[in-house]
Amino acid sequence: MFEVFARDILVGHSALELGDPPMGVAFGKFIATESYRLIQLECRTNHADQSGLALSVTTPDGIQIPCVGVGVIDFSDQFEDEIEITVFGIPYPLYGELFPEHVSAYERTFRGC
């Protein structure tokens with residue numbers, strides 16, 4: 001599981017189980033910690049620019065993933081437990097190292113063409 005921080009506060013976790021390798025994007029279900037309540041209103045109401053939250057994601061080894069941005073989209077007030085996180089612009093070759101299953105799935109879509 002990857003850890004999600006707002007500044008230096010742990011606000012959640014995610015497996016980042018889905019991705020778009022050519023775009024360097026990984027996303028998945030966001031599992032909130034108790035501290036998530038500190039930023040939840042912003043994540044529910046502001047889907048355009050969450051840069052003020054200083055969101056970051058670390059690997060299971062505690063290394064911060066370099067990226068262009070991180071966004072948490074929270075629709076849990078409309079749909080129970082519907083919170084998603086997206087990490088944008090993860091550079092290569094790091095993306096392939098962190099998410100080899102995403103790259104493999106993407107490559108499989110072109111086999112046999």
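Start with Arg44. This residue is partly exposed, because its relative accessibility is 31%.

A word on the source. This is a predicted model, where local features need pLDDT of at least 70, side-chain atom pairs count only at pLDDT 80 or more, and totals for chains, interfaces and linings use all residues. Residues are numbered from 1 along each chain as its sequence is written, and side-chain values use heavy atoms, with hydrogens and water left out.

**Salt bridges**

Asp74 sits in strand β7 and Arg44 in helix α1 (residues 40-45), so the pair ties together parts that are 30 residues apart in sequence. A salt bridge here is a side-chain nitrogen of Lys or Arg within 4 Å of a carboxyl oxygen of Asp or Glu. Helices (H or I, at least four residues) and strands (E, at least two) are DSSP runs, numbered from the N terminus. Is Asp74 buried or exposed? Asp74 is buried, because its relative accessible area is 1%.

How many salt bridges does the structure hold? The count is 2. Select Arg37 and Glu34 to see another salt bridge, at 3.7 Å from N to O. Arg37 is exposed, with 56% relative accessibility. Glu34 is exposed too, at 64%.

**Cysteines**

A disulfide needs two cysteine sulfur atoms within 2.5 Å. By that rule there are 0 disulfides. Cys43 is buried, with a relative accessible area of 0%. Cys67 is partly exposed, at 30%.

**A negative patch**

Select Glu17, Glu80, Asp81, Glu82 and Glu84. Together they form a negative surface patch. Patches are made of residues with over 30% relative accessible area and no salt bridge; like charges are joined within 9 Å, and nonpolar side chains (Val, Leu, Ile, Met, Phe, Trp, Tyr) within 5 Å. Accessible areas come from the Shrake-Rupley method with a 1.4 Å probe; for residues, only the protein chains shown count as cover. Lys and Arg count as positive and Asp and Glu as negative, while His and the chain ends are not counted. The place of a charge is NZ of Lys, CZ of Arg, CG of Asp or CD of Glu.

Zoom in on Asp81. It lies in the loop between β7 (69-74) and β8 (83-88). Asp81 is exposed, at 52% relative accessibility.

**Backbone stops**

Go to Arg7. Its phi is positive, about 60°, although Arg7 is not a glycine. Look for Arg7 in the loop between β1 (2-6) and β2 (9-14). Arg7 is exposed, with 56% relative accessibility.

Next, Ala54. Its phi is also positive, near 50°, in a residue other than glycine. Ala54 is in the loop between α1 and β6 (55-58). At 29% relative accessibility, Ala54 is partly exposed.

End at Tyr92 and Pro93. Which form does the peptide bond from Tyr92 to Pro93 take? That bond is cis, with omega near 5°. Pro93 is in the loop between β8 and α2 (94-98).

Note on methods: Buried < 20%, exposed > 50% of the residue type's maximum accessible area, 1.4 Å probe, protein only.
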